[in-house]
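I set out to look up a few packing details in this model and to write down what I found. The entries follow the order in which I checked them.

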Amino acid sequence: MAVTPLPVRKRLSPEESRDAALDAARALLVEAGPQAVTLKAVAARIGRTHANLLHHFGSAYGLQQALIARMAGFITSTIREAVLRQRKAENPNPGEVVDLAFDAFDDGGAGALASWMILSGNEDALDPILTAIHDLVDELAADHRDEAPLADETLTLVLMALGDALLGGPLARALGVPRERARVLAREMLLAGRG
């Protein structure tokens, strides 16, 4: 009787293993929500052991913190590029920045993950997002010449995007307004603040 050999798992460097785990965690977040981002589920997704992930992240909370930090870095760098591009454009389109913020919190899962972590008692869960946003505002404020203070625009936009991600669909249905109404209002707010 022939024995089928088990597949040989590729040995990953610690950085590659960590990246693979974060990629899997992000996919689980988008597919099934924040409650699905567990060490067991991520380990199964990448063919590693629970102990391997414990080594890299310490706990499910550590994995979630690393995921939210990675997402915050990606979101703010994408928004930074869009803002800088819009500042150079002949006909700026603040809608691009609005869409990036709304998409990050909704389709990207950042709103659900942050809210779930806070509701689970992890009050410092937003620290990576808040730090990334603060650093971005400080960087962009250096040559911000619009009438509305950048901090006010950012505060309003982030709160609108987060609120829309968590309650936008049901609230829009209840009020009988189009689902994208909050985005439209956010664009109008940015345009009004600039002129």
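Entry 1, cover over α5. I looked up what lies over the buried residues of α5, and the cover includes α4, α6, α8 (150-175) and α9 (181-193). Helix α5 spans residues 95-105, and its buried residues are G95, V97, V98, A101, F102, A104 and F105. I noted the general rule that an α-helix has 3.6 residues a turn, so residues three or four places apart point the same way.

The model is predicted, so I checked its pLDDT. The mean over the protein is 86, and 91% of the residues reach 70 or more. Confidence is lowest in helix α6 (residues 110-119), with a mean of 84. It is highest in helix α2 (residues 39-46), at 93.

Which residues touch the most other members of the largest nonpolar core? I found V42, L63 and L67, in a core of 45 residues. Helix α4 gives the largest share of this core, 10 residues. I then listed the contacts of V42, leaving out neighbours within four places in sequence: A21, A24, A25, L28, L53 and L63. As a general point, nonpolar side chains tend to be buried together in soluble globular proteins.

I found Q65 in helix α4, which runs over residues 60-88. Is Q65 buried or exposed? Its relative accessibility is 18%, under the 20% cut-off, so Q65 counts as buried. Not counting residues up to four places away in sequence, Q65 touches M117, D124, A125 and P128.

G33 sits in the loop between α1 (14-32) and α2. I read 15% relative accessibility for G33, so it counts as buried. G33 and L113 are 80 residues apart in sequence, yet their C-alpha atoms are 7.6 Å apart. R48 is in the loop between α2 and α3 (50-57). At 17% relative accessibility, R48 also counts as buried.

Which residues form a nonpolar patch on the surface? I listed L166, L167, L171, L175 and V177, with about 450 Å² of accessible area together. Of these, I placed L167 in helix α8.

Terms used: Residues numbered from 1 in each chain as written. Heavy atoms only, no water. Helix = DSSP H or I, 4+ residues; strand = E, 2+ residues; numbered from the N terminus. Buried < 20%, exposed > 50% of the residue type's maximum accessible area, 1.4 Å probe, protein only. Contact = heavy atoms within 4.5 Å. pLDDT = per-residue confidence, 0-100. Patch = residues over 30% accessible without salt bridge, like charges linked within 9 Å, V, L, I, M, F, W, Y side chains within 5 Å. Areas by Shrake-Rupley, 256 points an atom, 1.4 Å probe, with all protein chains shown as cover. Salt bridge = Lys/Arg side-chain N within 4 Å of Asp/Glu carboxyl O. Core = buried A, V, L, I, M, F, W, Y, C linked by side-chain atoms within 4.5 Å.
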